[in-house]
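User: I would like to learn how to read a single side chain and then the contacts between chains. Could you take me through it step by step?

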Amino acid sequence: MESSTDAAKHTRRSFLDLVLGIGATGWLASVLYPVIRYLTPLPSAGPSGPVKLSADQVKTLDKERFVIVPVQGKRILVFQDPAQNVRALDARCTHEGCTVQFVPGESVIWCACHNGRFDLDGRVLSGPPPRPLSQYLARQDAEGGVTVTPQTA
Amino acid sequence: MSATAPRSGLFGWLDERYGISPLIEFLRHKEVPIGAHPMVWYYLGGMTLFFFVVQIITGVLLLMYYQPGEATSYESIRYIATKVPFGWLIRAIHCWSAHLMIMSLVVHMFSTMLLKAYRPPRELTWLTGFGLFGIALGFGFSGYLLPWNELSYFATAVGTDSVKSVPVIGHWLLLVMRGGEDVSINTLYRFFAGHVVILPLICAGLISVHLLVIQRQGMAPPIHGETARGMPFFPNFALRDLLLWLVCLTTLAMLAVLLPYGPGLPGMEWELGSKANPLAPAYPGIKPEWYFLWIYQLLKEFPAHLLGMEGPEVCLLVVSLLMGVWAVIPWLDRTAQRGRHSPGFTDLGFAVIYFLTFLTLKAADLGVAETPTNDAETAVVATFCAYITLGVAVVATLTRVLVYHHRWFVLSAAALAHIALHGLLGWSYLTVGAVVAVVTAVVLVASGQLRTGAEAGVES
Amino acid sequence: MRTRQLLMAILAASILISSSWSQAETTDSEQPFTAPEGLQKLLSSVDDKGAAVIGEEGKAYFEGLPSHAKRLFGEAVANEYIGAATQLRDLLSLELNTSKLEAVLTNNCLLCHSNPAYQDSPTLFSLDPAAVKSPPYMDLKLLLNDVHMRHKLACAGCHGGDPTGNMAHEHPAEWPADHDERVADPKWVPQFCGRCHSDTKLMGQFNPSLPTDQLDKYKSSHHGRALLEGRNPRAAQCVSCHGVHGIQAANSPASSVYSKRIPATCGKCHGDPKVMAGVKVRDGSPIPTDQYEQYKTSVHGKALLERGDVGAPACNDCHGNHAAAPAEVSSVAQICRTCHARNGALFDGSRHKESFEENGWPECERCHGNHAISKTSDAMLETSKGSLCADCHDKYAGEKAATCKATAAHFHDTIVGMAEATVDFKEITLDLAERGLDIEPIDDERRNLDDALKQSRSQIHSFDRSDFDEVAKPGIETMDKMESLVEAAEQDYGQRRNGLLVAAGILALLSLTLWLKIRAMERDQRKS
């Protein structure tokens, strides 16, 4: 008799502990969920279509042969290749995420952080970068205005 | 499971190095006195601490989006409240928790006062607690400005203005607080630094001392506590604390979701409204937060000039004196020092409660639909608030007489007489106050009770 | 009594001392001035009740004057141009600045004509013409503020003579000698003013930007023709609107032709049946006299007279001023178009244009009225009996009336729908905001809706269903967008509440089990 009540008590206790555990987990989840959602940044807002370069940016492009422009929260390298065509690549080096630059004299894209080199199509020539740079569509109109479309070409 | 036996695992590893076992042992034997009076008073400190922890967590979360600055403060808070997922919740909890923290703190302080828990050897607990009360008010005041909206701007302008009444260094203090002659974005930078760095540091120190001395000495037993039973602090009391915190958290969540901008009571709402514009004229109905309302009202009761000084200066002097007396109560209450009931100080506690209640209610403009603009309406407010306060006092007094067998009511009677003469008969608040104070003093001296601290009073 | 005398003596002494001080100040460059006997007498004269005619203020002003001005006063009294204490009092009470005072004191016309000893009431200037029974234009203060006077064109400029000489003088040739003739038929006035105001060279010296074609315009106006052709001697001429003495520049708010005062100025005659008696409009019927009353109730009248919006049109903006003429039926609509250009253009392209022309109806006026143009309302589009559209179409549209009415009903319902939505959504967003939801996107859309509503209301004037629908389409789409935004917000709120419910449930469960756990634990503790 006594042992059976003890056993019942025991199962009741372990059931209580189980519920307690579930409750604590649920509580933790209900507290953490809003906090995690709160901390997750919102996607950066901005125009999703093609982005036209400002006059200043075009001026820099003409002078330096390249310019880094923000497009939808991404850094994009816009440069003039030796054939005077305007082209665009992702400016974020695939190695450690430094911003790359165009070296007009050598016609390469170069990352100063760890000496990564890419060709004008974004393919890795030398150095540690594991992947090529993504290509983007860039177009120059008759008036000299430059438009970058944030889609891989 | 003996605590003295060496244990393996992480606990053993830690215990070996830091000697945790004696601490556990200490906690195991620590007891919370129960039986002589309702235990509820022992939970208030823990509750305040819980709300403070919530403040730290939500405060840090808000910091991740808040950008102090002329063009960003208001906008970032707006962004948090409207765009960030659950940003509204974090902000609402931060605001609600702030108010609930100060509420539980105030109740905690008065329960400590009325139960004479400040008596030796716990003077330092009272003093640090008093300091924490001041810090909490500082938190509220500095945090109020951070959204940089119209309401907070004017409330801060009024609030900081009273600082100039401090003798000699008043103007300098005002400049330091505001970062210039007027409330500007410089003020916000200073308040921001105070709210998120300076005050939390001081607060952490004070809370550490406060908790340390409580843990060292245990909770104050009732004044005739020899007979009280004890409850183990750990795990019994601690688990109860935890249970209460869960209830508090649930309450917080409900309030934050259902009333995200506060209950809409005077001094207790945080709707963002429009951005602060230093060039816009002030509008009627601007009030500080509810825990400052009594000072705000007291300032209004003082005339422009009194006793050859400016009214606000005198008012600030009076408030400082009251605060000073309040801080050193453990040393004033000689009777409680000897471990005996001090009905005089119990009654003082009630008198202070009536005093604060009336002023707070009056500042909230209870009894009229809109902010009063003439003397007649102000009189209506005074009468209405006097009735409420007197009603509360009647209930409190009946309880004291019937349940607690209190017999000493000189100070609370004086406070009520003050309220009644002002509110019901329309006499000047200050004049009545002075007359009542003098009469009370005469009565006390004449009956020889001032010195003896009402030792002759009937002990319950 | 003695104390009073003593006080008077002290007062007199203090005045003397103070006056000697002020004299001392002016003696640096000028000779000290002692008032001659005549002036002294006037200054200290008393009326029949024994009170001083010239009060302390007047005396103080006099004492404060430089000596040469005081001397001018003395001379004017000595030469009897100032002949009465009341006249001196009036002149002093104007508190003119020194240069203006000099101009007055050297102008014998003005001095003589403000001297009650010499003048009968019709020719006496005073501060209160009514009190001395002179005509209202004999107001001294108005005269001194007159724009001509300020440009140094004083009495003699119009009336002839020499202000420094004696009173006998010749009038200018254009000035009818006989007073009754002058008043009975003021035909001569326009030419008289035109002597200067039509002279470009002369006017250029004073105000080069002032036009000089007023007389020509006036001659072509109804007023001008009625007066000059001798049909109506009461017809308005220059002074009817601008006043006589006391004329102000038209852009001065004190002027009777300042835009806000024009309706009242025109209404003075046009609202008076007695003045208008015998005047007929083109079709021979007597001219109405309720235009001013109607105008006051109109949207333009309210804007100008109540809101003080001086850009709102007054009488002259439609009827012209110097060339005042009633707008012809065909030109009314053109006048409206000077401000309401878009609505006019829409109307021109509409099917109404033709039928209006066929019937010889005025365009805008037909629906909106003229002097009593009321604020347009969506109710104008209603199609029930007695409403604007229905009445006209029932009468004139023939078979097409039903289609027209259906179109009007469509306009009405669309616009009223949008108008109501702007109000409804405002309430809804307030409610949402109170519950802590993000209303910014809805508010943005509401601004778009407001804009679409305005455009649609204007587009009515095309009276074309498909044109209207095209303009109204963005509005309808905005309404749908707002609807879905509100729904999304409500959903968000629902999620918040559900989340709360779940969290509260979990917390309640946890609290309960914790409580049971504590109880069980304590039971064990008691046992052991």
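Predicted model: local features only at pLDDT ≥ 70, side-chain atom pairs only at ≥ 80, totals over all residues.

Analyst: Thr422(C) lies in helix α27 of chain C.

User: Is Thr422(C) buried or exposed?

Analyst: The general idea is to compare relative accessible area with a cut-off, buried being under 20%. Thr422(C) has 12% relative accessibility and therefore counts as buried.

User: Which backbone oxygen does the side chain of Thr422(C) reach, and with which residues is Thr422(C) in contact when its neighbours within four places in sequence are left aside?

Analyst: The side chain of Thr422(C) comes to 2.5 Å from the backbone oxygen of Ala419(C). Once the neighbours within four places in sequence are set aside, Thr422(C) is in contact with Arg446(C), Leu449(C) and Asp450(C).

User: Turning to the interfaces, how many residues does each chain bring to the contact of chain C and chain B, and what area is buried there?

Analyst: Each interface can be read by its residues, its buried area and its pairings, in that order. Here 21 residues come from chain C and 21 residues from chain B, and the two chains bury about 2,000 Å² between them, with 66% of that area on carbon and sulfur atoms.

User: How many salt bridges are found across the interface of chain C and chain B?

Analyst: The general idea is to look for a side-chain nitrogen of Lys or Arg within 4 Å of a carboxyl oxygen of Asp or Glu. The rule finds three salt bridges between chain C and chain B; one of them joins Arg240(B) to Glu522(C), whose closest N and O atoms are 2.4 Å apart. Five residue pairs in polar contact are also found across this interface, both residues being at pLDDT 80 or more.

User: Which helices of chain C each supply at least two residues of the side that touches chain B?

Analyst: They are α27 (401-434), α28 (440-459) and α29 (465-527) of chain C, and α29(C) gives the most, with 14 residues. By class, this side of chain C has 11 nonpolar, three polar and seven charged residues.

Methods:
Residues numbered from 1 in each chain as written. Chains lettered and ligands numbered in written order. Heavy atoms only, no water. Contact = heavy atoms within 4.5 Å. Buried area = accessible area lost by both parts, 1.4 Å probe. Polar contact = N/O pair within 3.5 Å; in protein donor to acceptor, adjacent residues only side chain to side chain. Helix = DSSP H or I, 4+ residues; strand = E, 2+ residues; numbered from the N terminus. Nonpolar A, V, L, I, M, F, W, Y, C, P; charged D, E, K, R; others polar. Buried < 20%, exposed > 50% of the residue type's maximum accessible area, 1.4 Å probe, protein only.
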